[in-house]
Amino acid sequence: MLPLRAIFEALDAKVNYNQTLKTVTAYKDGTTITLKLMSRSATINNETVLLDVPAQSVKGRTMVPVRFVSEALGQQVGWNNSAKIVTIKSGFGSGGSGGSDNGSDPGPVTYVTARDVGNYGDGRDLQISFSKSSNESRVEQYRVMVVKAANASSFNLAAAQKVGSANYTSLSPSGSDPSLTLSASARDVDGAAIREDQSYVAYVLVIGKGNSANTLSNPSPAFTLTNTVSVAAPTNVKVSDVSDYGDGRDLSVTFTRAQNESNIANYRVFVVKTKDASSFTVSTANNLSSSYYTLVSKTGSGSTLTGQLSSSTRDTSGDLIKNGVSYTVFVLSVSNSTGYANKLSSGSSAITLSQGSIIAPVITKVEDWNDYGDGRDLRVSFNRISDETRISSYRIFVVKASDYANFSLAKANQVSSVNYTQVNKTGSNITSYALSSNARDVDGATIRNGVSYRVFVMAVGTGAYAGNNTLSSASAAITLTNGSTVDMVSNVTVEDVSDYGDGRDLKVTFTRAANETYISNYRILVVKTSDANNFTLAKANNVGSANYTTVSKNGYTLSTVLKSGARDVDGATIRNGVSYRVFVLSVASNGYNLSNALSSYSSPITLSPNTIDAVSNIKVSDVNDYGDGRDMQVSFSRASNETYISQYRIMVVKSSNVGSFNLSKANALSSDRYTSVSKGSSTLTATLNASAKDVDGDRIKNNVAYRVFVLSVANNGGNNVLSTYSNLITLSDNSAVSAVNGLYAQLNGTKSGTYRDIDFGFNKLANESNVVEYRILVVPASKAGNYKLTDANKVNDPERFTSVNPSGKNVKQTLAHSKDVDGNEINKDTSYQIFVLTVAKNGANALSAASNAVKPTVGPDNISVAPVTRLNAVAEGNSIKVDFEQPDNRNYIRSYKVLVISEDQTLNLDAAIALKNNGVNVPADNGTLSTVVSQDIYHNPIAAGKYRVYILSEPDGTNAKGYALSNSITVEVPVVQSEPEDEGQGAEPKDTDSSSL
């Protein structure tokens, strides 16, 4: 930053400062620069550019960014960090006409290519390669610039020299052809983050040393970054202002669900301030917490989903949604599989919420319909606003594409009536509205062929809303043309995909013509690069059928691998070592009196044998305890170049056989002896399946030492490559043990008043492979409430616990030792509760919850019956069917009480006894018992909702007096759908409105 007047006068520029507007304006050699204090944007000859730092007032002096000002006025700026000196040299930006110290300027780079090399969804996916300058000794630096393909036609040397340093990537000369991968923060020349699904071209600006001229390359072929392993993105994201709460409830979002939702879990709606929309990427979306998006389920019928936001909805910066702020909405498809990345939609049209606002119309299509050469050729379609009572009409504005970025609502309001087209309300969306022959653009020029336009539509307020006009977003660009030729294809790209040494190695992809109505087919024409500049439409039309490849139209992007006998246009077979470019000819159908159309040529390609790389950093982990392939997880770093790789194969080899396993054996394996992994992110991870086998055909299992190889599988005709082997791994069972459940204690009727009176039982663990034993611990009831795992682990005297070995069966037996955990004799005067300690082979032990209390006695007063442990309940209409098996020890049980309560309630034993008469009585019997319950214990009818079901075991009152309560299970009763009336035989037919037939 330097003082305003000092820098402008040093550059021999005239300068004005408007105190009221706080605006600085400088003039020099036909260039006008305008800066506003504290604004990040400035203009150069009325074209808006972004600044790295705004002009600002410091201690009463106006400071301006020296690099921006100097370079905009044709100077070169240098900075000596150690000396803290800024140097400015004249002659910068001469565009090829300036002098040089040795009389020679650096030449422009001769080619620029771009490749999609990743799946991050930002600049890291983009690799740019280009030739070095022919006179690199005169090159100060190269600047790589990424331009939206739609803007490429207006991007030139002058525009390139105005791009701010934040919006290009620079690198120094190295003596060889450079190649670099951009960073995650890389931006295009407009300042927008590099993203997927946006068509770009790349340029390289060569900055000359000293007074040497700068030069700009030709653009690279157009490219669009895509994530090849992502889920599909939603489309047609639209937003509407539907209420006047002044918060997120005013904003309704609709979108078309992804075509394939098999790998999609749900969608997330993000509201982004429009000023931040250009930098909002899938990476940004993935990193936001749930506080900053609205979740939309993929359930429901129809292709369109709606997200209604709430009053607490926030935008992606954390601010509550509110009036007066311009927003753009994105929708993220969220993957339900680790093999697929999330996918972000395109942004919606911008919307600004306001109280009682008029919603802006939405342009759906602009088309070139005729060949009059005037406004009659242009047809516009747009969606009407939802409430047309607030408006009188619509106005269609046609704006030159070069000026559309500066066209605003304020400018639209000032356009003369002769320079727009008025459209009356119809109550419906406007479809294919044709302009008149004398229609004009907003500058007053008649609409004509060969000019790139964009279209806006205004809704004109009326009555109480007079003056509250709203303006749509701009349409897609359209250039009217004479229809004497069919449309040409675009984005012709070529790839070397195999290693046959003939046409089968060459894959050609292109975007179909915009209008295929009059096209019969396409012809792929392979031309030697040395002849490409002289290859014309006339020559293309004269190529014999043996020397081109015919491709049928299919309505989509076309991709074709040529055949083994494919020839170039000279009749020579396609082979390695020859540089080619590819053209595509759109062939007109007979009867339309139209001419064929020839595309631009592709980037050059020279076929060669394609070698592939091995993967690296193979790591194998034991991640589960199934005792099969599901326990084995393999991760590895992908090959450095995956262009010619079709997939990877994970191969598990017994450690004893590693020395004899080689590429030949790997290639010969049948598909049931390896696991396939698709190409994807830089590190790939796969957990094998239950049926996975090693290379010998044996199931993967515990206690066998293995190593893992990964085979890189080449595309057709290529040679596979085998990796080195992984670390050694032997799978073992390390599953954590858990506490048992279903634990109960009861008196068995022995009536000795000792430990022999107490029986216990519990359910075995589902997986006992890591269990040494179960220890049955008898704890005085007065201490049971504070008894913990640490206490249980300290009981090591075998006389103080009963040991039970795992047997694969549920446990029911009598205590085997007479002492409690404190070493005291179990006696009739003390009440006890039982715990079960699960002792693990590996890892931590686990302690159960306490059982019910029991007290040895010589009478029936404290003898408790056993609880039910096997219980099932299902909904049947507005009832619940309950069935259960009686406990193995059913001594002294008279009957059972089935107790049903709502899910938000619980019962303990005392409450269950108090309410037992409100339950359904089921007499004790042999076998499985069953009943149907139609009301809960409070006599409420069973209705839709969730309930808990308990079984109370009732003693006979003679031999035992203690009740026992089962654990509860939960059952959900659905809404009962009413049956439709039967209109079959014997039913009276319903009335039918004949007008609907």
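**Aromatic rings and overall build**

User: Which ring does the charged end of R504 sit over, and at what distance from its centre?
Analyst: This is a predicted model. The charged end of R504 is placed over an aromatic ring, that of Y500. From the ring centre of Y500, the distance is 3.9 Å.

User: Where does R454 lie, and how many Å from the ring centre?
Analyst: R454 lies over a ring face. The ring belongs to Y404, and its centre is at 4.1 Å.

User: How many aromatic pairs does a search of the whole structure find?
Analyst: The search covers the whole structure. Its count of aromatic pairs is 20.

User: Are F884 and Y896 stacked or edge-to-face?
Analyst: Their ring centres are 5.2 Å apart, with 70° between the planes. Planes over 60 degrees apart count as edge-to-face. Therefore the F884 and Y896 pair is edge-to-face.

User: Which strands hold F884 and Y896?
Analyst: The pair links distant parts of the chain, 12 residues apart. F884 belongs to residues 879-885 and Y896 to residues 893-902. These are strand 59 and strand 60, respectively.

User: Which residues do ring pairs link into a cluster with F270?
Analyst: Ring pairs join F270 to other aromatic residues in a cluster.

User: How many helices and strands are in the chain?
Analyst: The chain has 997 residues, 46% of them buried. Its elements number 10 helices and 65 strands.

Methods. Residues are numbered from 1 along each chain as its sequence is written. This is a predicted model: local features need pLDDT of at least 70, side-chain atom pairs count only at pLDDT 80 or more; totals for chains, interfaces and linings use all residues. Side-chain values use heavy atoms; hydrogens and water are left out. Rings of Phe, Tyr and Trp (its six-membered ring) pair if their centres lie within 6.5 Å; planes under 30 degrees apart count as stacked, over 60 as edge-to-face and the rest as tilted. Helices (H or I, at least four residues) and strands (E, at least two) are DSSP runs, numbered from the N terminus. A charge sits over a ring if NZ of Lys or CZ of Arg is within 6 Å of the ring centre and within 35 degrees of the ring normal. Buried means under 20% relative accessible area, exposed over 50%, partly exposed in between (1.4 Å probe, protein chains only).
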